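Please read them with the model open.

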Amino acid sequence: MFSELKQELSTYLPAEQIETIYAAYRTAKAAHKGQKRHSGDDYISHPVAVAHILAGMRLDATSIMAGLLHDVIEDTLLSKEEIAQQFGNAVAELVDGVSKLTQIQFESKAQAQAENFRKMVLAMANDMRVIIVKLSDRLHNMRTLDACPPEKRQRMAVETLDIYAPIANRLGMHSFRVEFEERGFAAIFPMRYRVLSSAMRKVKGNRREILIDIENTLKKSLIKHGLPSDSVWGREKNVYSIYKKMRNKKLSFSEVMDMYAFRIIVDSIDTCYRALGVVHNLFKPVPERFKDYIAIPKANGYQSLHTTLFGPYGVPIEIQIRDREMEDLANNGIAAHWLYKSKDKAASDTQIRARNWLQKILDIQKNTGSSLEFIEHVKFDLFPDEVYVFTPKGEIMELPHGATAVDFAYAIHSDIGNSCVAAKIDHRLAPLSTALVNGQRVEIITVAGARPNPVWLNFVVTGKARSNIRHFLKSQQQVEAIKFGKRLLNRALSALTSSWDKLPAEQVKKILDEHQYQQAEELFEAIGLGNAMAPVIAAQLIETEQVKRPEITPKSSKPLAIKGSEGMVVTFAECCRPIPGDPIIGIIQSGRGFTIHLDQCSKIGKLRNKPGKCVELQWSKHIEEDFRVNLYLLVVNRRGVLGKIANSIANVDADIDNINVDEHDGNYNIINVIISVRDRKHLANLIRRLRLNKEVLRVSRNKPTWDKD
Ligand code: MN
């Protein structure tokens with residue numbers, strides 16, 4: 001089976017490379033041993049055929065080996081690592097890339113989905129050889145489609161027409177595109193295909209004489225002008241292109257068929273134009289049918305001269321004129337640029353070649369000023385800035401590079417983003433911060449009432465996610481500030497033996513106007529955020545004609561009760577981490593609400609004496625939150641100490657949030673641990689437990705209280 005391939009390879013590859021390819025063949029054959037195709041053939045016949053297609057395009061040895069091994073990861077026990085070990089990383093990467101493309105399946109029929117799917121296929125293959133191997137694989141599968149069961153045949157044919165034919169076209173691989181279309185069309189519409197092709201056969205018989213006649217006339221004329229004659233031939237139209245023309249241009253079969261097409265291949269660009277002159281001299285050109293795709297190439301790099309002539313007997317003749325290089329490019333497109341050149345060792349880096357190919361087309365288009373659309377597409381396909389992932393329903397979402405599960409959630413809907421709590425990526429639970437990769441299937445788990453986490457702002461990359469999270473947090477802060485501000489104001493009013501509900505409406509309005517607040521909520525919000533001082537406002541509110549504005553006496557007011565669930569307007573200072581039961585004090589931070597410290601915290605300093613800067617606080621009787629506390633332990637440096645400590649903490653039903661071990665000296669360690677507890681009683685219990693371990697010598701809160709010697 002290998003000998004035919006070997007013969008083809010030996011026309012352009014050195015013997016030692018063919019040896020390595022043979023080794024890949026033997027490995028593939030052994031791996032697929034016992035497997036059969038639908039046709040009943042040994043499985044290995046398929047990869048060999050794929051390698052043959054690749055060899056036909058003169059692809060390098062790496063690609064040929066990848067062609068031989070392209071199904072082993074997917075269908076056999078052989079792993080990527082084993083391939084890498086035997087045949088090197090380059091081959092393994094190619095095989096892996098092809099396997100990934102094989103795993104994704106196109107299901108939706110929507111136009112936009114097809115376009116996205118094509119982009120995804122291109123984006124997933126960062127080495128363009130992956131695409132070329134994949135296209136060759138698909139080509140052979142289409143050639144052997146008849147052996148497949150009907151549903152598979154149908155699915156493959158649709159996918160080929162919707163995805164692979166356009167990709168081949170975009171990459172300028174004309175012969176692939178034509179065969180994809182021809183075979184895809186035949187499989188989807190077997191009747192139409194049969195009727196059309198038998199009609200074409202009939203017409204062809206009648207046309208043969210005319211065809212030969214015109215061909216001879218053209219050849220003679222070219223020779224007369226000193227141009228080579230062996231490169232003129234009558235072009236066969238394919239069934240699918242006839243069908244498309246009939247459908248799109250609403251032409252009858254005879255109208256489409258009543259056309260003779262020839263191609264003339266010459267040796268240089270110069271000769272192309274000379275040959276054009278010759279044929280225009282021979283038959284009269286049809287006005288406005290001449291196209292110069294040499295000066296202005298098509299979007300995929302295609303170059304040629306097209307013209308239509310009034311032929312003998314009044315039949316129109318379509319003529320294409322191009323040189324050898326253009327012909328090769330027209331047939332093989334991007335693959336033509338992998339044409340193996342053994343001397344060209346320096347350019348063996350395939351990515352460089354892909355870039356060169358792009359650069360070449362870019363240059364062509366720059367010089368001619370034609371559409372850059374293709375460049376934008378391919379450039380973006382080769383150097384992807386975007387990732388394409390599936391929703392659980394099989395739709396494809398396009399997201400910027402680095403997008404995370406949270407970005408994905410917001411891209412679907414802001415409600416999904418706002419209430420997401422976890423993600424499943426390819427059916428596995430994953431953190432919301434996970435950056436997504438092409439081709440993954442992403443599912444978002446939401447919980448009613450869940451809220452966006454401010455931490456998300458550190459990793460989201462899309463504007464939509466960012467602005468939605470910010471917006472939510474801001475409105476959330478506003479709600480909390482209003483609630484908290486109203487409580488603060490009421491407390492200040494109660495110190496003056498009044499309350500908000502008892503205030504006369506006109507007095508409230510007067511004060512609101514004075515401060516330019518439209519409504520009471522704005523006043524509450526300002527107080528809650530620390531932008532206005534509750535005692536000052538309270539004093540103003542109860543001032544009347546009779547009662548002079550009273551002195552501000554914060555000491556006399558009842559402390560405000562804190563629950564720990566006040567949200568973003570109340571934060572607990574990390575320097576002292578107060579917990580329920582501790583004496584506390586609130587420090588106003590303009591615009592950001594309040595920070596709660598231990599009453600004795602050294603960080604408060606002079607602020608304590610500034611009226612309006614501190615608020616007296618006490619703990620509410622009903623607290624459901626847990627609070628973080630900061631402990632330092634001096635322990636004997638011994639095996640298993642950490643385990644014992646963790647055990648003690650778990651035994652009193654407290655949670656470790658963070659743990660850090662500092663080597664003190666050889667004999668002792670200092671362990672710093674942040675633990676979630678309910679209150680002082682809970683903490684006291686915990687400390688007692690910790691001290692029961694004989695390795696624990698000291699326990700202290702917030703900072704080590706023993707001498708560091
Ligand atoms: Mn295959």
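**Notes on the model**

1. The side chains of Arg138 and Glu159 form a salt bridge, with N and O 2.6 Å apart. Arg138 belongs to helix H9 (residues 128-143) and Glu159 to helix H10 (residues 150-170), so the pair ties together parts that are 21 residues apart in sequence. Both Arg138 and Glu159 are buried. Please keep in mind that this is a predicted model.

2. In total, the structure holds 24 salt bridges. Side chains of opposite charge can pair when their charged atoms come close. Some of these pairs share partners: Lys80, Glu93, Asp96 and Lys100 are joined by salt bridges into one network.

3. Helix H11 (residues 174-188) contains both Arg177 and Glu181, 4 residues apart, about one turn of the helix. Their side chains meet in a salt bridge at 3.5 Å, N to O. Glu181 has a relative accessible area of 8% and therefore counts as buried, the limit being under 20%.

4. Another salt bridge joins Glu179 and Arg183, whose closest N and O atoms are 3.0 Å apart. Arg183, at 33% relative accessibility, is partly exposed.

5. Which protein atoms are the donors of the manganese ion? They are NE2 of His46, NE2 of His70, OD of Asp71 and OD of Asp137, lying 2.2 to 2.3 Å from the ion. Along the chain, the donors follow the spacing H-x23-H-D-x65-D. His46 lies in helix H3 (residues 45-56), while His70 is in the loop between helix H4 (61-69) and helix H5 (72-75), so this pair ties together parts that are 24 residues apart in sequence.

6. His46 counts as buried, at 1% relative accessibility. His70 is buried too, with a relative accessibility of 0%.

7. In soluble globular proteins, nonpolar side chains tend to be buried together. Here the largest nonpolar core has 74 residues, of which Leu9, Ile21, Leu69, Ile83, Leu135, Phe176 and Phe180 touch the most other members. Helix H10 gives the most to this core, with 9 residues. With neighbours within four places in sequence left aside, Leu9 is in contact with Ile18, Ile21, Ala55 and Ile64. A second, separate core has 57 residues, including Ile527, Leu529, Ile671 and Leu690.

8. On the surface, Leu642, Ile656, Ile659 and Val661 form a nonpolar patch, and together they have about 300 Å² of accessible area. Which strand gives the most to the patch? That is strand E18 (residues 655-663), with 3 residues. Ile659 is found in strand E18.

Conventions:
Residues numbered from 1 in each chain as written. Predicted model: local features only at pLDDT ≥ 70, side-chain atom pairs only at ≥ 80, totals over all residues. Heavy atoms only, no water. Salt bridge = Lys/Arg side-chain N within 4 Å of Asp/Glu carboxyl O. Helix = DSSP H or I, 4+ residues; strand = E, 2+ residues; numbered from the N terminus. Buried < 20%, exposed > 50% of the residue type's maximum accessible area, 1.4 Å probe, protein only. Patch = residues over 30% accessible without salt bridge, like charges linked within 9 Å, V, L, I, M, F, W, Y side chains within 5 Å. Areas by Shrake-Rupley, 256 points an atom, 1.4 Å probe, with all protein chains shown as cover. Donors = N, O, S within 2.8 Å, 3.2 Å for Na, K, Ca; no water. Core = buried A, V, L, I, M, F, W, Y, C linked by side-chain atoms within 4.5 Å. Contact = heavy atoms within 4.5 Å.
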